[in-house]
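Let's take a look at the charged side-chain pairs in this one. Here is the model first.

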Amino acid sequence: MAKKSFYHFLGCIIPHRYPSVEKAVKLVFNDLDMGLLDMDGATCCPAPGVFGSFDRITWATIAARNLTIAEAGGHPITTGCNGCFASLWDANYELKHDEELREIVNENLAEIDREFKGTIEVWHYVDALVEVAGLDKIRKKVTRPFKDVRMVLHPGCHWMRPKLLKQKDDSERPHIFRELCETSGAEYVPYKDELMCCGAGGAVRTADIKVALEFTMQKFESVKEAGGADMMITPCPFCELQLDLGQVEIQKHFEKEYVLDILHVVELLALAFGHEPDEFGLATHLQYQLRKSTPLWEKLGIKVEES
Amino acid sequence: MTSAEEKTAIEIDTPDDSFVQMIKKTGGPNIQNCYQCGTCSGSCPAGALTNFLVRGIIRKALLGLKEQCISSPELWYCTTCYTCTDRCPQDVKPTDVIKAIRNVAVAEGYMLAPHQKTALKVLETGHAVPLDKESWENLREKVGIERIPPNASKYSEAIEEIKKLAKKTGFDKLIAVKEEK
């Protein structure tokens, strides 16, 4: 079978704040024989919370412009961000099904000599990993299983919701993301607020950071009640930012200290596949940079040489 | 707002439905399916932490109380997690209704300054979270990838295209409204 390649939609947070995710996904996709192609000149998806709340037509037009870049090359898009997925997948769906919207958007795109044709699909990394590579192949690549490591999950919202539209997983009892994370060998630890939003989305983090952080604290407290965990895994860099950098912000605004390693699922897999944390710069996460700390390697079962 | 505040009866014989029509047109076509069961608010994480009440906003909208809806600061506490949308027994799609009401609010000049700044960043740099400091480029180099990614941070022509699109849709004027109400 020919190697499956995707246009890699970077978005904003992965390339500009959590570049370790960008590097990790390159390692993981390469290990699984899937291609990632640069998407030259892609912009913000645009942020579904702010742009979708401001003006739906502008939101759909800018998203459509990004989609046309992939259409021109004839490959599907993959993104590792629930927010970007929300904009690109939703816009692609709406433009394919709503003729009136498509007409307005294409009139706008004509200004820059582009046209939405509706010829490609949008995939989350999670879809590409589960549906193209497959869990069996992923399990075979795991050379460093996370033995005796307690793992909590934060699946986030926009990959699986709205469930009737996305048709990815049962959003009340999801299992696909969990099964993907469990290939790492870590022990899945359920907690009450697992499916609750991190608090960042819908332009809330921008509007009122303290309200956004209250969501995050509720989740962390819920993890504590479940007996605590060694790491939390998410498929979204905006959630990752909220949960990782958020720990530093919670300390500042609420004087409460939480210390938990937050990994994007492709960072988890990169480690499980035997890559060293330095190969993709796990230690560059913003909580470590600001706290002058390092990941709790020992808890994660990873031996690192002191540099 | 406390219960000690004096409330007056909402006396409406015939609700003005122009606001509802606006919402239906702007992305919340199912708002009139609502029978006020409150599943949305019961499911809402923002509702548990703040005085944001999805059911209340929808009820106000159905009564035609436009100004109350669009000027409410709580309107901006929805994180668009879509839990209410997944649970609504009437397929109201409350999240989409909230977003549609936000669209109307913004069109009428209710816009939070930080949101306006984020929108302006996209027009200036192509990204809501831009590569705006050398330290971010250093971080990229540290993880072993090129200092500037192949997105609008590298291609200025992409930013020009975004500006043209914003001009065409009128978005540039929409976010240029500086005064908050």
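What follows is a quick tour of the salt bridges.

## Ground rules

This is a predicted model, so local features need pLDDT of at least 70 and side-chain atom pairs count only at pLDDT 80 or more, while totals for chains, interfaces and linings use all residues. Residues are numbered from 1 along each chain as its sequence is written, chains are lettered from A and ligands numbered from 1 in the order in which they are written, and side-chain values use heavy atoms, leaving out hydrogens and water.

## The count

Over all chains there are 24 salt bridges, each being a side-chain nitrogen of Lys or Arg within 4 Å of a carboxyl oxygen of Asp or Glu.

## Pairs in chain A

A:Arg205 and A:Glu249 form a salt bridge, with the closest N and O atoms 2.8 Å apart. A:Arg205 sits in helix H11 (residues 204-207) and A:Glu249 in helix H13 (residues 237-254), so this pair ties together parts 44 residues apart in sequence. Helices here are DSSP runs (H or I, at least four residues), numbered from the N terminus. A:Arg205 is buried at 15% relative accessibility, and A:Glu249 is buried at 13%; buried means under 20% relative accessible area, exposed over 50%, and partly exposed in between (1.4 Å probe, protein chains only).

A:Asp148 and A:Lys147 also meet in a salt bridge (3.7 Å, N to O), and both are exposed.

## Chain B and a network

In chain B, B:Glu137 pairs with B:Arg147 in a salt bridge, the closest N and O atoms being 3.5 Å apart. B:Glu137 is buried at 18%, whereas B:Arg147 is partly exposed at 26%.

Salt bridges with shared partners also join A:Glu22, A:Lys26, B:Arg140 and B:Glu146 into one network.

Terms used
Helices (H or I, at least four residues) and strands (E, at least two) are DSSP runs, numbered from the N terminus.
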